[in-house]
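Me: I have a structure open and would like to check some of the words used about it. Please set each value against its definition.

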Amino acid sequence: MPTVELLFSALPEHVRTARLVAAAVARRAGVDEAVLDEVRLAVGEACSRAVGLYRSSGADRPVRVVLTEEEKKFSIEVGDKSPEAEDRPADAASVPSARGDSPAEHPEPLPDGSPSSSDSSEAEDEGQMGLAVISGLVDDVEVFSGEYGDVIRMSWPLNPAALS
(Lines give C-alpha, C1' and ligand atoms only; values in the text may rest on other atoms or scores of the structure.)
Protein backbone atom coordinates (compact mmCIF):
# COMPACT_ATOMS: atom_id res chain seq x y z
CA MET A 1 0.00 0.00 0.00
CA PRO A 2 1.42 3.40 -0.93
CA THR A 3 2.64 5.64 1.82
CA VAL A 4 1.91 8.71 -0.34
CA GLU A 5 0.27 9.07 -3.74
CA LEU A 6 0.81 12.35 -5.55
CA LEU A 7 -1.04 13.45 -8.69
CA PHE A 8 -0.01 16.70 -10.36
CA SER A 9 -0.78 18.57 -13.56
CA ALA A 10 1.83 17.95 -16.24
CA LEU A 11 3.49 21.32 -15.79
CA PRO A 12 7.24 21.77 -15.26
CA GLU A 13 6.72 23.96 -12.20
CA HIS A 14 5.16 21.03 -10.31
CA VAL A 15 8.25 18.84 -10.70
CA ARG A 16 10.01 20.73 -7.90
CA THR A 17 7.12 20.02 -5.54
CA ALA A 18 7.28 16.30 -6.40
CA ARG A 19 11.03 16.31 -5.67
CA LEU A 20 10.51 17.96 -2.28
CA VAL A 21 7.69 15.60 -1.30
CA ALA A 22 9.75 12.56 -2.36
CA ALA A 23 12.77 13.68 -0.31
CA ALA A 24 10.63 14.40 2.76
CA VAL A 25 8.85 11.03 2.61
CA ALA A 26 12.14 9.20 1.94
CA ARG A 27 13.75 10.87 4.96
CA ARG A 28 10.80 9.92 7.18
CA ALA A 29 10.88 6.35 5.85
CA GLY A 30 14.53 5.95 6.85
CA VAL A 31 16.48 6.40 3.63
CA ASP A 32 20.09 7.32 4.44
CA GLU A 33 20.70 11.10 4.45
CA ALA A 34 23.62 10.65 2.04
CA VAL A 35 21.22 9.27 -0.61
CA LEU A 36 18.50 11.93 -0.37
CA ASP A 37 20.08 14.09 -3.10
CA GLU A 38 19.97 11.07 -5.43
CA VAL A 39 16.30 10.56 -4.56
CA ARG A 40 15.52 14.21 -5.38
CA LEU A 41 17.45 14.13 -8.66
CA ALA A 42 16.00 10.80 -9.81
CA VAL A 43 12.43 11.86 -9.03
CA GLY A 44 13.03 15.16 -10.79
CA GLU A 45 14.26 13.36 -13.91
CA ALA A 46 11.38 10.85 -13.91
CA CYS A 47 8.76 13.55 -13.39
CA SER A 48 10.34 15.85 -16.00
CA ARG A 49 10.30 12.94 -18.45
CA ALA A 50 6.61 12.32 -17.79
CA VAL A 51 5.78 16.03 -18.12
CA GLY A 52 7.69 16.18 -21.41
CA LEU A 53 5.88 13.15 -22.81
CA TYR A 54 2.49 14.56 -21.84
CA ARG A 55 3.22 17.99 -23.25
CA SER A 56 4.55 16.62 -26.55
CA SER A 57 1.47 14.44 -26.99
CA GLY A 58 -1.02 17.04 -25.82
CA ALA A 59 -2.31 14.73 -23.08
CA ASP A 60 -4.30 16.44 -20.35
CA ARG A 61 -3.82 13.97 -17.51
CA PRO A 62 -2.00 14.16 -14.20
CA VAL A 63 1.43 12.68 -13.60
CA ARG A 64 1.22 10.01 -10.89
CA VAL A 65 3.93 9.52 -8.25
CA VAL A 66 3.57 6.72 -5.69
CA LEU A 67 5.96 6.63 -2.73
CA THR A 68 5.95 3.38 -0.76
CA GLU A 69 7.73 2.45 2.45
CA GLU A 70 8.28 -1.28 2.70
CA GLU A 71 10.01 -3.36 5.34
CA LYS A 72 13.55 -2.93 4.04
CA LYS A 73 13.25 -0.52 1.12
CA PHE A 74 11.64 2.68 -0.05
CA SER A 75 10.30 2.79 -3.59
CA ILE A 76 8.98 5.47 -5.89
CA GLU A 77 6.94 4.91 -9.03
CA VAL A 78 6.40 7.64 -11.60
CA GLY A 79 3.71 6.84 -14.16
CA ASP A 80 2.88 8.63 -17.37
CA LYS A 81 -0.33 7.48 -18.98
CA SER A 82 0.25 9.12 -22.32
CA PRO A 83 -1.92 8.31 -25.35
CA GLU A 84 0.94 6.17 -26.73
CA ALA A 85 0.92 4.03 -23.58
CA GLU A 86 -2.82 3.45 -23.94
CA ASP A 87 -2.36 2.08 -27.47
CA ARG A 88 0.09 -0.62 -26.33
CA PRO A 89 -0.65 -3.86 -24.52
CA ALA A 90 0.18 -3.65 -20.80
CA ASP A 91 3.20 -5.93 -21.21
CA ALA A 92 4.79 -4.08 -24.14
CA ALA A 93 6.53 -0.98 -22.83
CA SER A 94 8.10 1.16 -25.52
CA VAL A 95 10.77 2.40 -23.17
CA PRO A 96 13.92 0.39 -22.65
CA SER A 97 15.03 -1.06 -19.39
CA ALA A 98 17.10 1.58 -17.62
CA ARG A 99 19.97 -0.89 -17.79
CA GLY A 100 19.69 -0.96 -21.58
CA ASP A 101 18.45 -4.54 -21.89
CA SER A 102 16.22 -3.75 -24.86
CA PRO A 103 16.55 -0.68 -27.05
CA ALA A 104 13.53 1.50 -27.59
CA GLU A 105 11.95 1.48 -30.99
CA HIS A 106 12.04 4.91 -32.58
CA PRO A 107 9.89 5.60 -35.60
CA GLU A 108 11.83 6.55 -38.70
CA PRO A 109 11.24 10.06 -40.03
CA LEU A 110 9.13 10.46 -43.14
CA PRO A 111 10.89 11.36 -46.42
CA ASP A 112 10.11 15.05 -45.85
CA GLY A 113 12.01 14.88 -42.54
CA SER A 114 8.96 15.12 -40.29
CA PRO A 115 8.50 12.59 -37.49
CA SER A 116 6.44 9.55 -38.44
CA SER A 117 4.29 9.78 -35.31
CA SER A 118 2.62 12.60 -33.42
CA ASP A 119 5.45 12.53 -30.85
CA SER A 120 8.54 14.42 -31.77
CA SER A 121 11.77 12.46 -31.78
CA GLU A 122 13.24 15.25 -29.66
CA ALA A 123 10.85 14.42 -26.81
CA GLU A 124 11.73 10.73 -27.14
CA ASP A 125 15.45 11.54 -27.07
CA GLU A 126 14.98 13.63 -23.94
CA GLY A 127 13.04 10.75 -22.37
CA GLN A 128 15.86 8.34 -23.15
CA MET A 129 18.42 10.78 -21.71
CA GLY A 130 16.31 11.03 -18.55
CA LEU A 131 16.29 7.24 -18.23
CA ALA A 132 20.08 7.18 -18.62
CA VAL A 133 20.47 9.77 -15.86
CA ILE A 134 18.11 7.86 -13.57
CA SER A 135 19.95 4.57 -14.13
CA GLY A 136 23.19 6.36 -13.21
CA LEU A 137 21.68 7.66 -9.98
CA VAL A 138 19.70 4.66 -8.77
CA ASP A 139 20.96 1.09 -8.41
CA ASP A 140 17.50 -0.50 -8.42
CA VAL A 141 15.50 0.79 -11.41
CA GLU A 142 12.77 -0.92 -13.38
CA VAL A 143 10.84 0.46 -16.36
CA PHE A 144 7.65 -1.27 -17.37
CA SER A 145 4.23 -0.71 -18.85
CA GLY A 146 1.41 -1.08 -16.38
CA GLU A 147 -2.11 -0.02 -15.57
CA TYR A 148 -1.03 3.61 -15.38
CA GLY A 149 1.01 3.64 -18.61
CA ASP A 150 4.77 3.59 -18.63
CA VAL A 151 6.11 3.40 -15.09
CA ILE A 152 9.59 4.03 -13.74
CA ARG A 153 10.07 2.24 -10.41
CA MET A 154 13.10 3.22 -8.33
CA SER A 155 13.98 1.88 -4.90
CA TRP A 156 16.53 2.49 -2.21
CA PRO A 157 17.40 0.44 0.88
CA LEU A 158 16.35 1.81 4.23
CA ASN A 159 19.08 2.72 6.69
CA PRO A 160 19.42 -0.27 9.08
CA ALA A 161 20.02 2.12 12.00
CA ALA A 162 16.69 3.83 11.29
CA LEU A 163 14.90 0.47 11.28
CA SER A 164 15.94 -0.52 14.79
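Me: Where is Ser-155 placed?

Reply: Ser-155 sits in strand β5. Strands (E, at least two residues) and helices (H or I, at least four) are DSSP runs, numbered from the N terminus. The model is a predicted one, in which local features need pLDDT of at least 70, side-chain atom pairs count only at pLDDT 80 or more, and totals for chains, interfaces and linings use all residues. Residues are numbered from 1 along each chain as its sequence is written, and side-chain values use heavy atoms, with hydrogens and water left out.

Me: Why is Ser-155 called buried?

Reply: Buried means under 20% relative accessible area, exposed means over 50%, and partly exposed is in between (1.4 Å probe, protein chains only). Ser-155 has 7% relative accessibility, so Ser-155 counts as buried.

Me: What makes the pair Ser-155 and Asp-140 a polar contact?

Reply: A polar contact is a pair of N or O atoms within 3.5 Å; within protein, one must be able to donate a hydrogen and the other to accept it, and residues adjacent in sequence count only if both atoms are side-chain atoms. The side chains of Ser-155 and Asp-140 are joined by such a contact of 2.4 Å. Ser-155 is also the bridge partner of Asp-140 in β5.

Me: How many bridges join β4 to β5?

Reply: Seven bridges join them, and the two strands run antiparallel. Two strands pair if DSSP finds at least two bridges between them, so β4 and β5 count as paired.

Me: Why is the link between Glu-5 and Arg-64 called a salt bridge?

Reply: A salt bridge is a side-chain nitrogen of Lys or Arg within 4 Å of a carboxyl oxygen of Asp or Glu. For Glu-5 and Arg-64 the closest N and O atoms are 2.8 Å apart. Glu-5 lies in strand β1 and Arg-64 in strand β2, so the pair ties together parts 59 residues apart in sequence. Glu-5, at 45% relative accessibility, counts as partly exposed, and so does Arg-64 at 24%.

Me: Which residues do salt bridges that share partners join into one network?

Reply: Arg-153 meets Glu-77 in a salt bridge at 2.7 Å, N to O. Arg-153 also forms one with Glu-142, where the closest N and O atoms are 3.0 Å apart. The network therefore consists of Glu-77, Glu-142 and Arg-153, by the salt-bridge rule.
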